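Look at the structure, then read each answer against it.

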Amino acid sequence: MAHTEYTERWRTSVRQVQQRLAQLPQWQRVGRLTRATGVVLEAAGLNLPVGSACMIEADQQSVAAEVVGFARDVTFLMPLEHAPHLTPGARIRPLHGKQSQRRYPLGAQLSGRVLDGLGRPLDGKDLRQHQHFGELSHKTINPMQRAPIATPIDVGVRAINSLLTVGRGQRIGLFAGSGVGKSVLLGMMARFTDADRIVVALIGERGREVQEFIETSLGEAGRKRSVIVAAPADTSPLERLQGAAYATRLAEDFRDKGEHVLLIMDSLTRYAMAQREIALAVGEPPVTKGYPPSVFAKLPAIVERAGTGKPGGGTITAFYTVLTEGDDQQDPIADAARAILDGHIVLSRRLAESAHYPAIDIEASISRVMPAIVSQQQLSASQRLKRLFATYQRNHDLISVGAYQSGHDALLDQAVQSYPRIAAFLQQQMDEQATFEAAIKSLVSLTGGHNE
């Protein structure tokens, strides 16, 4: 009996010790901040893979950061926000488990909302009642399981609907310099499209343009069915990257629910510049006009997440704006974007300066999927209009100086006669909607219904 009592006391003592040990803070390896240069922080004492989440604990604040690289025993960190009060030796605590996996708000409840690149509200409304959250990463769709692009999407712009028809699930670039009507055109498409949902990503642009785009270009009608993610130029490069990824993740969530989504990202160039800032800061060598190799690996990674889903499911039709500085179409980002996108729409400064809006250069623009998704009548009519337009443009100087004489070239004669109507057809007011059916009807009527 004494032995049994002793055993029970011993077990009770062991349980008490275990309870006390469980209450003690767990052992955790931490690092220390050793250097801060530019946008990258250097830390010692960490042994974490790239992409790991950390919390930098200083006297006055705690700042979330992410591991972006390492060199021997030095770990490179990028803060998610600006951190002006960090001090040498600040403790860096790795985040593990659920803490390391930041979850972002998703779902239809976000319609009409404006969020930052980290999923936090910018419109003064809280997310305490929001229930649907998810991670930024998403399962990649097997390319053999993607549905083909077979149906046009109505974007409400006559020149695009008729001459550069975009299909549901197509990824297309909008190439433009500054001040040629890019934001107005994006706003028109967002207001007039027949897509079920709209996701707008404003990445790296001026902060002033965020509210201006929402109120002026997008308007109340467009905002009601849109989710806007804004990571302007004054945010950290990492937040700009995550803002683009978050907008894409929102679109993927809608697509997975069977909805047809219009994703507008303004701009793909600023996304590439954010990656360049990070890559150069951690020592990656520049290879093409100051851009390191990782930039050209990031671009297809973000673009390929858009597109069609499985047959019978939803789609993501994506417009990515590409800034052509000085209207240089051979910019390395513009060149890379043309190679990975399913077409490009070029906005011309010459047309914008002559008050021709939208300033779409139909000769330099192309939709690669258009021949597979439109009728032969529309395809023939669009080809004929382009030939007439190109013929007139090639002889514009001759016509301007009065050296043109009719009767020598039948195609040129018809181009001269048709040009005023063609120019009027290609122009459209920002508050004017041109449905897909109306645009095709006008195109066929303008070209005389020819079937070549």
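Q: Which domains does the largest pocket lie between?
A: In this predicted model, residues from two domains line the largest pocket. Because both give residues to that lining, the pocket lies between them. The two are domain 1 (25–99) and domain 2 (103–371).

Q: What is the volume of the largest pocket, and which residues are the closest to its centre?
A: The largest pocket has a volume of about 980 Å³. Its lining is made of 38 residues. Of these, the closest to the centre are Gly 51, Glu 66, Leu 136, Leu 238 and Gln 242.

Q: How many residues in the lining of the largest pocket are nonpolar?
A: The lining divides by class into nonpolar, polar and charged residues. Eight are polar and eight are charged. The nonpolar residues number 22.

Q: What is the volume of the second largest pocket, and which helix gives the most to its lining?
A: The second largest pocket has a volume of about 430 Å³. Its lining has 22 residues, and Gly 179, Lys 182, Ser 183, Arg 206 and Glu 209 lie nearest the centre. Helix H3 (182–192) and H4 each supply at least two residues. With five residues, the helix that gives the most is H4.

Q: How many residues in the lining of the second largest pocket are polar?
A: This lining includes five nonpolar residues. Another eight are charged. The polar residues number nine.

Q: How many cavities of 30 Å³ or more are there, and which helix gives the largest share of the lining of the largest cavity?
A: The count comes to one cavity of 30 Å³ or more. About 60 Å³ of space lies in the largest cavity, which is lined by Ser 183, Leu 202, Glu 205, Arg 206, Glu 209, Val 210, Phe 213 and Asp 266. By class, these are three nonpolar, one polar and four charged residues. The largest share, three residues, comes from helix H4 (residues 207–224).

Q: Which residues touch the most other members of the largest nonpolar core, and which helix gives the largest share of that core?
A: The largest nonpolar core has 57 residues, and those that touch the most other members are Ile 160 and Ile 360. The core draws at least three residues from each of domain 2 (103–371) and domain 3 (378–448). Its largest share, seven residues, comes from helix H13 (residues 410–426).

Q: Which residues does Ile 360 touch, not counting residues up to four places away in sequence?
A: Ile 160 is one of the residues that Ile 360 touches. With Ile 160 included, the list is Ala 159, Ile 160, Leu 164, Leu 185, Ile 345, Val 346, Leu 347, Leu 351 and Ser 365.

Q: How many residues are in the second, separate core?
A: This core includes Ile 203, Ala 272, Ile 302 and Ile 316. In soluble globular proteins, nonpolar side chains tend to be buried together. The second core has 53 residues.

Q: Is Ile 92 buried or exposed?
A: Ile 92 lies in strand E6 (residues 91–94). Leaving aside neighbours within four places in sequence, Ile 92 is in contact with residues including Val 30, Leu 33, Leu 46, Ile 56 and Leu 77. Buried means under 20% relative accessible area. Ile 92 has a value of 0%, so Ile 92 is buried.

Q: How far apart in space are Ile 92 and Arg 15?
A: In sequence, Ile 92 and Arg 15 are 77 residues apart. From C-alpha to C-alpha, the distance in space is 34 Å.

Q: How many residues does domain 3 give to the contact with domain 2?
A: The chain is divided into domain 1 (25–99), domain 2 (103–371) and domain 3 (378–448). The centres of domain 2 and domain 3, taken over C-alpha atoms, are separated by 31 Å. Their contact takes 25 residues from domain 2, and from domain 3 also 25 residues.

Q: What share of the residues of the protein chain count as buried?
A: The chain holds 14 helices and 17 strands. Its C-alpha atoms fill a box of roughly 120 × 45 × 40 Å along the principal axes. Of its 452 residues, the share that count as buried is 52%.

Terms used
Residues are numbered from 1 along each chain as its sequence is written. This is a predicted model: local features need pLDDT of at least 70, side-chain atom pairs count only at pLDDT 80 or more; totals for chains, interfaces and linings use all residues. Side-chain values use heavy atoms; hydrogens and water are left out. A nonpolar core is a set of buried Ala, Val, Leu, Ile, Met, Phe, Trp, Tyr and Cys residues joined through side-chain atoms within 4.5 Å. Buried means under 20% relative accessible area, exposed over 50%, partly exposed in between (1.4 Å probe, protein chains only). Helices (H or I, at least four residues) and strands (E, at least two) are DSSP runs, numbered from the N terminus. Domain bounds come from an automatic or database domain assignment. Contact means heavy atoms within 4.5 Å. On a 1 Å grid over the protein atoms alone, a cavity is a set of points where a 1.4 Å probe fits but cannot get out, and a pocket is an open set with protein on both sides within 12 Å along at least five of seven lines; lining residues have an atom within 4 Å of a point. Grid points are joined across faces, edges and corners, and a volume is the space filled by probe spheres set on the points. Ala, Val, Leu, Ile, Met, Phe, Trp, Tyr, Cys and Pro count as nonpolar, Asp, Glu, Lys and Arg as charged, and the others, Gly among them, as polar.
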